[in-house]
Amino acid sequence: RISSDGNPAKFQPPPKPVIIDKQKQREEKRFLSPEFIPPRGRTDPLKFFIERKDMIQRRKVFNIPEFYVGHVLAVTTADPYANEKVSRFVGICIQRGGKGLGATFVLRNVIEDQGIEICYELYNPRIQAIEVLKLEKRLDDNLMYLRDALPEYSTFDVNMKPVSHLDHEEVPVNKLQVRMKPKPWSKRWERPKYNIKGIKFELPEKKMKEAQKWSQPWLEFDMLREYDTSKIEDKIWKEVSEGLKK
Amino acid sequence: MMPIWTKSGKKHAVTLLKVQDCHVLRYISKEESGGKTSKLLVGGKNASPFYKSESAMEIFKEAGVPRKQKVTSFNVTDDAIIKPGTPLYAAHFRPGQFVDVTAKTIGKGFQGVMKRWGFKGQPASHGQTKTHRRPGAISTNKAAKVYRGKKMPGKMGNIYRTSFGLKVWRINTKHDIIYVNGSVPGHTNCLVKVKDSKLPTYKDCNKNPPFPTFFADGDEKLPEDLYDEEIFQFTDPSVTYA
């Protein structure tokens, strides 16, 4: 380079370091548990408000972690018939159902070649602890097809160590395509009404085309079925976060 | 309806009933009504005064109260008479009491005999000609007539029915809500009449209820939520079996 007039070059300050403010990133990531969103209906909103107060009360005393379908959880419950009055079950969450205080989640595991599914209520006072062992979202909201998949996809070690996860990172999505047992299945998972993306269908082309006969492409344009929850979610998120901060 | 858990870990289903603008409208004495006890007319939810005639509005004007959607009568003993115009609140009931709830059931319209009375009908196949949900025989040969009250198809629902002996688990004094055990006749947001239970097992259950009723401007200051002794309150830690 030609230096200007022999004078020393102008002082260039060093490039500013990029600071990833992890506190701000965590605040931006808002997660509202799906059981807080009221279903569409003619019930009085006062009922949902009172239910939400109870749910916030319970969450203050007992921590319910953020989890999605596909996470591996370990739940300890108080059991009057167990030896130590406490029973622990580890499994993959295949479904989250119910709204309000009656919200449930189903954990599935295969123990000694026997598939076991237990449906737990989130707000049941007998639950002592819920630990998230592995954070991993799957391609679907509902993993009921694991019942007809090969048992290796539902087995999880009962004494699994919790896999560490950094707070500010997003929950990873596992794009695993599951292999199924031979037909007949409990439900016809290849039909478009279930909209499953996580199965590796090894069926012949003819059967897949025949399954598309039951597709209902008009459903996504049906205006009466629309339920926009964005504004309701914002209001409820503010209410819940303020309730938990107190 | 909501779930409620007891301290032993059992779950019960509970219906929420809201006491919305209830006022006492009129006192009818024993001689006037012609019954064994005197009556108190009580009105429910507020409604518009423009859809009723002047004569119908007289009762509300006397009591000094807006027009009510539903007016029911309660048989009262002489020592429990309340002045017309007093508001009634949910704190009139206390947790641990037993209560009867009356309401109009959900109307199902004209229904056949299988849904209305639970008849078995006929088999779906094996030669049945046009007979799958019919009542079959309606009387015997010797009777030579059909008895009065024979169960036949007709309008089902939309009649007053009562659920007896429902326990009151919790009362919210701020929003005037009563948590009543089990289910209650009627659709969501319908008007419902709540009375003390008439069942003989619960005759001595009411220990010191607010008598004649709970007065909001009185001396008693109740907490926002009144719970039954056995309820698990969400402020407590999780249930354990020792």
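Is Ser197(B) buried or exposed? Select Ser197(B) to find out: its relative accessibility is 14%, so Ser197(B) counts as buried (buried means under 20% relative accessible area, exposed over 50%, partly exposed in between, with a 1.4 Å probe and protein chains only).

Before moving on, note that this is a predicted model, where local features need pLDDT of at least 70 and side-chain atom pairs count only at pLDDT 80 or more, while totals for chains, interfaces and linings use all residues. Residues are numbered from 1 along each chain as its sequence is written, chains are lettered from A in the order in which they are written, and side-chain values use heavy atoms, leaving out hydrogens and water.

Stay with Ser197(B) and show Asp100(B): their side chains make a polar contact at 3.1 Å (a pair of N or O atoms within 3.5 Å; within protein, one must be able to donate a hydrogen and the other to accept it, and residues adjacent in sequence count only if both atoms are side-chain atoms).

Finally, show both chains. Their contact takes 26 residues from chain B and 27 from chain A (contact means heavy atoms within 4.5 Å). On the chain B side, these divide into 13 nonpolar, 8 polar and 5 charged (Ala, Val, Leu, Ile, Met, Phe, Trp, Tyr, Cys and Pro count as nonpolar, Asp, Glu, Lys and Arg as charged, and the others, Gly among them, as polar).
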